[in-house]
Amino acid sequence: MAHMTSASPSTAPVSWNAFAAAEPGFADTVRRRFRLYQHHVLATLRKDGSPRVSGLEADFRFGELLLGMMPNSRKALDLRRDPRFALQANPGPDAEMNDGDVRVSGRAVEITDPEVIARFIEEASPPEPFHLFRAELTEVVRIGLDGDALVIRSWRPGQPPRTVRRTGDDTPPAEVA
């Protein structure tokens with residue numbers, strides 16, 4: 001029997017709203033980064049377990065991170081079969097990465113509530129028909145540059161955010177308080 005403690009962090013996915021409530025500044029940074037560009041890269045899992053990457057528009061609405069896609073698209077079928085995903089914000093037009101690298105991962109839950117769908121159609125005017133998924137987050141990461149160092153900030157449900165600095169030399173990564 002595995003030993004479990006009450007101090008074990010939660011690994012259950014959380015809504016965008018729950019992440020934003022726990023880490024409002026980090027959530028604002030991530031949302032702003034996604035809003036810089038319309039198209040991003042979604043990773044899903046194929047039937048055989050291999051990765052599939054697809055373009056996707058992410059929408060922050062109703063306190064949720066929403067993922068819309070064409071009916072019966074491969075990515076929608078992937079998510080219906082296995083809801084695990086990773087979404088990386090568009091890195092931008094050049095190699096500078098001035099805005100950092102942002103990605104979220106978790107589980108995508110299809111929204112079927114007709115009232116939510118109707119409200120989304122009214123507010124977002126998406127091409128119809130479509131699938132709409134709500135992101136339930138298990139990890140949020142932002143990687144930015146500070147001089148020659150990478151600064152990696154990450155968050156998981158039930159855990160405090162972590163910040164790690166990495167340099168290009170043999171110095172081991174260092175956690176920043």
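Colleague: How many aromatic pairs does the count come to?

Modeller: The count comes to six aromatic pairs, where rings of Phe, Tyr and Trp (its six-membered ring) pair if their centres lie within 6.5 Å. This is a predicted model, in which local features need pLDDT of at least 70, side-chain atom pairs count only at pLDDT 80 or more, and totals for chains, interfaces and linings use all residues. Residues are numbered from 1 along each chain as its sequence is written, and side-chain values use heavy atoms, with hydrogens and water left out.

Colleague: Why is the pair of Trp 16 and Phe 60 called edge-to-face?

Modeller: Planes under 30 degrees apart count as stacked, over 60 as edge-to-face and the rest as tilted. The planes of Trp 16 and Phe 60 stand at 70°, with ring centres 4.8 Å apart, so the pair is edge-to-face. Trp 16 belongs to helix α1 and Phe 60 to strand β2, 44 residues apart.

Colleague: What makes Phe 19 and Phe 26 an aromatic pair?

Modeller: Their rings are 5.7 Å centre to centre, and the 75° between the planes makes this pair edge-to-face. Both Phe 19 and Phe 26 are buried, that is, under 20% relative accessible area, against over 50% for exposed and partly exposed in between (1.4 Å probe, protein chains only).

Colleague: What lies over the face of Phe 26?

Modeller: Arg 153 does, at 4.9 Å from the ring centre; the rule asks for NZ of Lys or CZ of Arg within 6 Å of the ring centre and within 35 degrees of the ring normal.

Methods: Helices (H or I, at least four residues) and strands (E, at least two) are DSSP runs, numbered from the N terminus.
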